[in-house]
Amino acid sequence: MPDLIVVDRKELVEARSVLPAAVVDMAVEVVSPSTPRKDREVLPEVYASWGIPLYLVIDPRCGGIALYSDLVGEEYRLKSAHRFSEPVALPAPLDGTVLKTVELPRYPRHWR
């Protein structure tokens with residue numbers, strides 16, 4: 001279960017307890033101090049295998065953002081790196097959306 005998912009509003013009209021991965025446009029994970037390997041290495045493969053077009057990893061430990069995109073089969077072909085404070089332009093299926101990251105908080109030093 002991702003920390004956040006992005007879906008078309010129409011998918012939320014139908015009452016259901018779980019949304020199918022096929023309707024998810026983007027999965028977002030915020031790296032936990034205890035699970036950085038899972039968020040950065042394991043979950044890109046999982047979300048790609050589920051057919052989720054975009055995977056965004058926000059890492060408050062280092063102030064970094066990774067965007068996985070260009071899903072071909074069950075593999076992301078592109079990974080772009082960004083820093084907190086830089087805008088992140090999203091590709092299809094969220095073309096035209098720009099994430100403002102200037103106010104994203106960093107973890108306290110003892111959590112890094």
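## Fold and overall dimensions

Along the sequence, the secondary structure of this predicted model runs β-β-α-β-β-β-β-β. That makes one helix and seven strands in the chain. The radius of gyration is 14 Å, close to the 13 Å given by the globule rule for 112 residues, so the chain is as compact as a globular protein of that length. The C-alpha trace spans about 40 × 30 × 30 Å along its principal axes.

Of contacts between residues at least 6 apart in sequence, 43% join residues at least 24 apart. Buried residues account for 35% of the 112 in the chain.

## Surface and charge

## Nonpolar cores

The largest nonpolar core contains 14 residues. Those with the most contacts inside it are A27, Y47, I52, Y55, V57, Y68 and Y76. At least two residues of this core come from each of β2 (24–30), α1 (36–49), β3 (54–59) and β4 (64–72). The helix α1 gives the most, with three residues.

Leaving aside residues up to four places away in sequence, A27 touches P2, L4, Y47, I52, L54, Y55 and L56. A second, separate core has eleven residues, including L54, I65, V88 and L90.

E11 sits in the loop between β1 (4–7) and β2. With a relative accessible area of 17%, E11 is buried, because the cut-off for that class is under 20%. Its contacts, not counting residues up to four places away in sequence, are R16, L19 and V23.

C62 belongs to the loop between β3 and β4 and is partly exposed, at 32% relative accessibility. Apart from neighbours within four places in sequence, C62 is in contact with R40, R83 and R106. C62 and V31 are separated by 31 residues in sequence and by 10.0 Å in space, C-alpha to C-alpha. G73, in the loop between β4 and β5 (75–83), counts as exposed at 61% relative accessibility. From G73 to P33 the separation is 40 residues in sequence and 31 Å in space, C-alpha to C-alpha.

## Backbone geometry

The peptide bond from A92 to P93 is cis, with omega near 10°. P93 is located in the loop between β6 (88–89) and β7 (98–99).

Positive phi angles are found at D70 and S85, as set out below. D70 is not a glycine, yet its phi is about 55°. This residue lies in strand β4 and is partly exposed, with 40% relative accessibility. S85, also not a glycine, has a phi of about 95°. S85 is placed in the loop between β5 and β6; at a relative accessible area of 48%, S85 is partly exposed, since exposed requires over 50%.

Definitions and conventions. Residues numbered from 1 in each chain as written. Predicted model: local features only at pLDDT ≥ 70, side-chain atom pairs only at ≥ 80, totals over all residues. Heavy atoms only, no water. Core = buried A, V, L, I, M, F, W, Y, C linked by side-chain atoms within 4.5 Å. Buried < 20%, exposed > 50% of the residue type's maximum accessible area, 1.4 Å probe, protein only. Helix = DSSP H or I, 4+ residues; strand = E, 2+ residues; numbered from the N terminus. Contact = heavy atoms within 4.5 Å. Rg over C-alpha atoms; globule rule 2.2 N^0.38 Å.
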